[in-house]
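Q: I'd like to learn how to read a few features in a structure. Can we go through them one by one?

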Amino acid sequence: MTTLNQLRAFAEAERLGSFTAAADILQVAQASISELVRRLEDELEAQLFVRGSRRLSLTAAGQELLPYAQQALHAADAGTQAVHSLGSLEGGTATFGVPRNADYYMLSNLVQTFHSRYPAVRVRLVGQNSAETAASIAAGEIEAGLVVLPIDDDELTVRPLMRDEVFYISADSARTAEPVTITRFAAAKLVLYDVHYGWNDPTRRQLAERAQLAGVRIEPQIEIEHVEAALKLVAAKVGDTIASRAVIAGATFPKGLHTAPFAEPLYDTIALAQHRGRPLSNATREFARLAEDTIREISGGEHARTQPARR
């Protein structure tokens, strides 16, 4: 059976160009490195190095094996490091993404809570649209994050945590007298936010899919960046918009606005996402746990159970 020692000897010999250099790095005898590689070649029934030149070079079989050996060694080293650091948060960096409306989900105090428990850990908390958060996790720019579904998740592991219903918002009570169909929504004068991400925004994606199935097209009159600005325009009777239950329940929601559910209820599903092939650092794993606890606390509370009052 192939062992990690064999793969490490092979990978270091390839990286450094000689068995002697690999032996020095691994602090073993040169004969031990040669024997480990020879046994690996016997097990694979293939020659891995072209010997005889001043610097070792890989055969076709060696080139085929190398990326798999490197991947196995990286996973083993990461696992060892994770176990050694388990229960100890005396350093490191937690990198995490949150929705831009994180304050509405009681996440604004998350950094303060984390820092009070683990003052030696650095925190990089990125607030952005879920589409960009997902892309940043896939690219390795951040380790994990809270996202609103749907997202492109080809390289991600996604665990849904809670659903937050999305409502139609208008300054005209007549427009919210009954649940809103997608056809009526598409015909309304709309003020929509998240203009930078447009129809890649998860909530907008859901609306676009419904409109497509209904044979209608959603064309907002005004597109801006932030939900707060959209709500101010609705209060000024410029048009209508949408908002989640969390936003409607917030202290800054303008007075005099009215809400109605969609005829087919629409939800923002909040989920925890991380890269499928990369284990979380201890710091980010703990930050993610705190974030998940906060979201689950909200989902089990009055906020997630009550219908917003018509205003």
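Q: Which residues line the largest cavity?

A: First, the idea: on a 1 Å grid over the protein atoms alone, a cavity is a set of points where a 1.4 Å probe fits but cannot get out, and lining residues have an atom within 4 Å of a point. Here the largest cavity is lined by Leu192, Tyr193, Asp194, Asp201, Thr203, Arg204 and Ile242. A word on the source: this is a predicted model, where local features need pLDDT of at least 70, side-chain atom pairs count only at pLDDT 80 or more, and totals for chains, interfaces and linings use all residues. Residues are numbered from 1 along each chain as its sequence is written, and side-chain values use heavy atoms, with hydrogens and water left out.

Q: How much space lies in the largest cavity, and what classes of residue line it?

A: A volume is the space filled by probe spheres set on the grid points, which are joined across faces, edges and corners. The largest cavity holds about 50 Å³. For the classes, Ala, Val, Leu, Ile, Met, Phe, Trp, Tyr, Cys and Pro count as nonpolar, Asp, Glu, Lys and Arg as charged, and the others, Gly among them, as polar. The cavity lining then has three nonpolar, one polar and three charged residues.

Q: What about the largest pocket: which residues are closest to its centre?

A: A pocket is an open set of points with protein on both sides within 12 Å along at least five of seven lines. The largest pocket has about 360 Å³ of space. It has 26 lining residues, and the closest to the centre are Arg100, Asn101, Tyr193, Asp194 and Asp201. By class, the pocket lining has 12 nonpolar, seven polar and seven charged residues.

Q: Which element gives the most to the lining of the largest pocket?

A: Helices (H or I, at least four residues) and strands (E, at least two) are DSSP runs, numbered from the N terminus. The protein has 12 helices and 10 strands. Those giving two or more residues to the pocket lining are α8 (202–214), α9 (227–235) and β9 (241–244). β9 gives the most, with three residues.

Q: How many aromatic pairs does a search of the whole structure find?

A: In general, a pair of aromatic rings is described by the distance of the centres and the angle of the planes. Rings of Phe, Tyr and Trp (its six-membered ring) pair if their centres lie within 6.5 Å; planes under 30 degrees apart count as stacked, over 60 as edge-to-face and the rest as tilted. The search finds seven pairs. Take Phe19 and Phe49: their ring centres are 5.8 Å apart and the planes are at 85 degrees, so this pair is edge-to-face. Phe19 sits in helix α2 and Phe49 in strand β1, 30 residues apart.

Q: Are Phe19 and Phe49 buried or exposed?

A: Buried means under 20% relative accessible area, exposed over 50%, and partly exposed in between (1.4 Å probe, protein chains only). Both Phe19 and Phe49 are buried.

Q: What kind of pair do Phe96 and Phe287 make?

A: Their centres lie 5.2 Å apart with planes at 50 degrees, so that pair is tilted. Phe96 is in strand β3 and Phe287 in helix α11, so parts 191 residues apart in sequence are tied together.
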